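Thanks for making the time this morning; I would like to walk through one model with you, going from the overall fold to helix packing and then to a few individual residues. Please keep the sequence and the structure open while I talk.

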Amino acid sequence: MKNKNPGLALFTFIVYLFLLGPLLIIAVTSFEPGTVLKFPPTGFSLRWYKNIFEVDMFMSTFTTSILVSLLGNLIAILLGIPAAYALNRASFKGKETLNALFLSPLLIPGIVLGFTLLKYVVIAFHIPVYAALLIGHTVIMLPFIIRVIGSSFAGFDFAVEEAALSLGSSRLSTFFKVVLPNIKSGIIASVLLAFLESFNNVDISLFMTGPGVSTLPIQMLTYVENYFDPTIAAISVLLMIITAGFMFLIERLLGLTYFTKQ
């Protein structure tokens, strides 16, 4: 029988309390029946969850966030898969520099990147706000796509691809029928991570949004500046449930084990 360490157990409890405590407080305060956000709540009510669907600005910005995340994800996948394949399959001069360039949005502070995109995409080239927002979100999603799919390619035995080519399969057919099916878990993981990063992004969206175009996180910030009711807490709870449920379904239905192995 293993000896229990009370000190370690207490420390673990404190860490979990530190990490999960704010989330629990937000969840509890979302049921406050009054018009002011407070903890502990004075009662129980679902009025603020109902208010989410009655406020048009939340529904419209939610739609914008979904569309931008999905379209940006599609563009990032179309660019990221060939880039990750080339970086892992081929050897060429400047490979490390190109890899660092693709991953640079992860290293640059979001505010700096957002201001740079605003200056050189929106102002310099006069690109419409919605298109600029899509470009900005594609830029921040691309490193997640390349990094995760690149990890899958790193563990892939390219001898399988060579065998398919030697048996008469074309290179394009081999890529779609042999290579991609073997890294589908990495593709799913990259899509999930990139989508969550885009949907919850604030710093890039703050610079790339404009009149008539906004995302849900930016709208939530604007709402907090003018109102102090528990609506934001209710939205946060729904977003946490959706995120957790989405990740659970992906892991269960598609056998996604990437997150547990890292």
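Reading along the sequence, the pattern of the chain is α-α-α-α-α-α-α-α-α-α-α-α-α, which amounts to 13 helices and zero strands, where helices (H or I, at least four residues) and strands (E, at least two) are DSSP runs numbered from the N terminus. This is a predicted model, in which local features need pLDDT of at least 70 and side-chain atom pairs count only at pLDDT 80 or more, while totals for chains, interfaces and linings use all residues. Residues are numbered from 1 along each chain as its sequence is written, and side-chain values use heavy atoms, with hydrogens and water left out.

Along its principal axes, the C-alpha trace spans about 70 × 70 × 30 Å. Of the 262 residues in the chain, 37% are buried, with buried meaning under 20% relative accessible area, exposed over 50%, and partly exposed in between (1.4 Å probe, protein chains only).

Let me turn to packing around α3. The axes of helix α3 (residues 56-89) and helix α9 (residues 184-199) come within 9 Å and cross at roughly 140°, axes being lines fitted to C-alpha atoms, for helices over the stretch in contact, with angles running from 0 to 180 degrees between N-to-C directions. That makes α3 oblique to α9, since angles under 35 degrees count as roughly parallel, over 145 as roughly antiparallel, 65 to 115 as roughly perpendicular and the rest as oblique. With helix α4 (residues 95-107), α3 packs at an angle of about 150°, the axes being 10 Å apart, and these two helices are therefore roughly antiparallel.

Now to the surface. Which residues form a nonpolar patch there? They are Leu8, Phe11, Val15, Tyr16, Phe18, Leu19, Leu20, Leu23 and Leu24, and together they have about 950 Å² of accessible area, by the Shrake-Rupley method with a 1.4 Å probe, counting only the protein chains shown as cover for residues. Phe18 lies in helix α1 (residues 6-29) and counts as exposed because its relative accessibility is 66%.

Finally, His126 sits in the loop between α5 (110-123) and α6 (129-154). Its phi is near 55°, a positive value in a residue other than glycine, and His126 is exposed, with a relative accessible area of 67%.

Note on methods: Patches are made of residues with over 30% relative accessible area and no salt bridge: like charges are joined within 9 Å, nonpolar side chains (Val, Leu, Ile, Met, Phe, Trp, Tyr) within 5 Å. A salt bridge is a side-chain nitrogen of Lys or Arg within 4 Å of a carboxyl oxygen of Asp or Glu.
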